Amino acid sequence: MLRRAALLSIAFVALIAAPLAVALMPAAALTLVVVDAASGQPIAGAEVDQWIRGIDGVMQTGKLKTDGDGMLRLADRREGSATFLVKASGYRLAEVQELLRDGEHAEVRVALQRARALGGRVFGPDGAPLAGAVVMGGYPGDRPTNPVLRARTNENGEFRFPSDANDDTPFYVIAPGHALTVTTLRASDDNVIRLEPLARGIVRVVMKNGAPPTRPRRLRAAPSGGTIIPEHVLAELAKANGLALADIIRTDDHGVSALPRYLGPGAWDVYLRAETSPDVQRLGSIRTPVRGTRVFTANE
């Protein structure tokens, strides 16, 4: 009897300890060492944005800083793929990708290059400098909603970034009463950007039977052959003009959208997205300003 009681007690303790054992399984860990590429000296206070997608699909994000030795120790991280965006004043951005595995401690050295000058001036259609225009860019893929680089022009239309970006990085320029301009910037402080006023013209989306979509759809756009404009940019564009995002990208009951009015002169690819789906369908291209109405036929 005593033996049976002892066995039951052991089984009960094992059952209680099982969840604890699972909880204590070793997690992934990582140490980032951020240094100056030329001198090898540690960079204290470097900002690190993290996006870790676990093998279970759960995303772990955060904003952290290196210590006085240029180190950032990360413990108890999910096993999966990690992306780190490292930035420090006076240095170029660096993106690091690493696979994290439970029970392993990785150490990654990040050497930051000194930044080049990056700035310029924004002018209106009349040639006068535009104060309060927003210049932003450096979206790492589709992970964050906010841009990495963002500046607002001063009373002389001047802007300057604390860091620079790759030469092919698209920058989005927004000012009230003006159409969106998408441009790239040279590594200098004398870039010149000219904005144009809001234009006329609309697009209309119909299905293969000629009828408008039965549910609202969202239009997206990209410079011809380029990257689709992040939705966050379009939201800022709408806000600058006293509107909500839906006012410029959502189709109405007739399948009509006024998005072309807010795009600067040039060639654009137009995409359609269902209200509840991230998938996009390329409808075709337009050249702004659109004269009258441009009609697109959607597949579904």
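Two strands are taken to pair if DSSP finds at least two bridges between them, and strands themselves are DSSP runs (E, at least two residues), numbered from the N terminus. By that criterion strand β18, residues 266–274, is joined to β19 by eight bridges, and the two run antiparallel. Within this pairing, Trp268 stands opposite Ile286 of β19. The model is a predicted one, in which local features need pLDDT of at least 70 and side-chain atom pairs count only at pLDDT 80 or more, whereas totals for chains, interfaces and linings use all residues. Residues are numbered from 1 along each chain as its sequence is written, and side-chain values use heavy atoms, with hydrogens and water left out.

The two strands belong to an open sheet of three strands, ordered β16-β18-β19 with antiparallel pairing. Because β16 (217–223) and β19 (280–288) stand at the edges and have a single partner strand each, one side of each is left without a neighbour in the sheet. Neighbouring strands of this sheet are turned by 30° against each other on average, direction ignored, where the axes are lines fitted to C-alpha atoms.

The aromatic contacts come next. A pair of aromatic rings is described by the distance of the centres and the angle of the planes. Rings of Phe, Tyr and Trp (its six-membered ring) pair if their centres lie within 6.5 Å, and planes under 30 degrees apart count as stacked, over 60 as edge-to-face and the rest as tilted. The structure holds two such pairs. The rings of Phe159 and Phe161 have centres 5.7 Å apart and planes at 65°, and the pair is therefore edge-to-face. Phe161 also pairs with Phe171, in a tilted arrangement with 5.5 Å from centre to centre and 35° between the planes. This second pair links distant parts of the chain, since Phe161 lies in the loop between β11 (158–160) and β12 (171–174) while Phe171, ten residues apart from it, lies in strand β12. Phe159, Phe161 and Phe171 form one aromatic cluster. Buried means under 20% relative accessible area, exposed over 50% and partly exposed in between, with a 1.4 Å probe and protein chains only. Phe159 is buried at 6%, Phe161 is buried at 4%, and Phe171 is buried at 1%.

Methods: Helices (H or I, at least four residues) and strands (E, at least two) are DSSP runs, numbered from the N terminus. Axes are lines fitted to C-alpha atoms, for helices over the stretch in contact, and angles run from 0 to 180 degrees between N-to-C directions.
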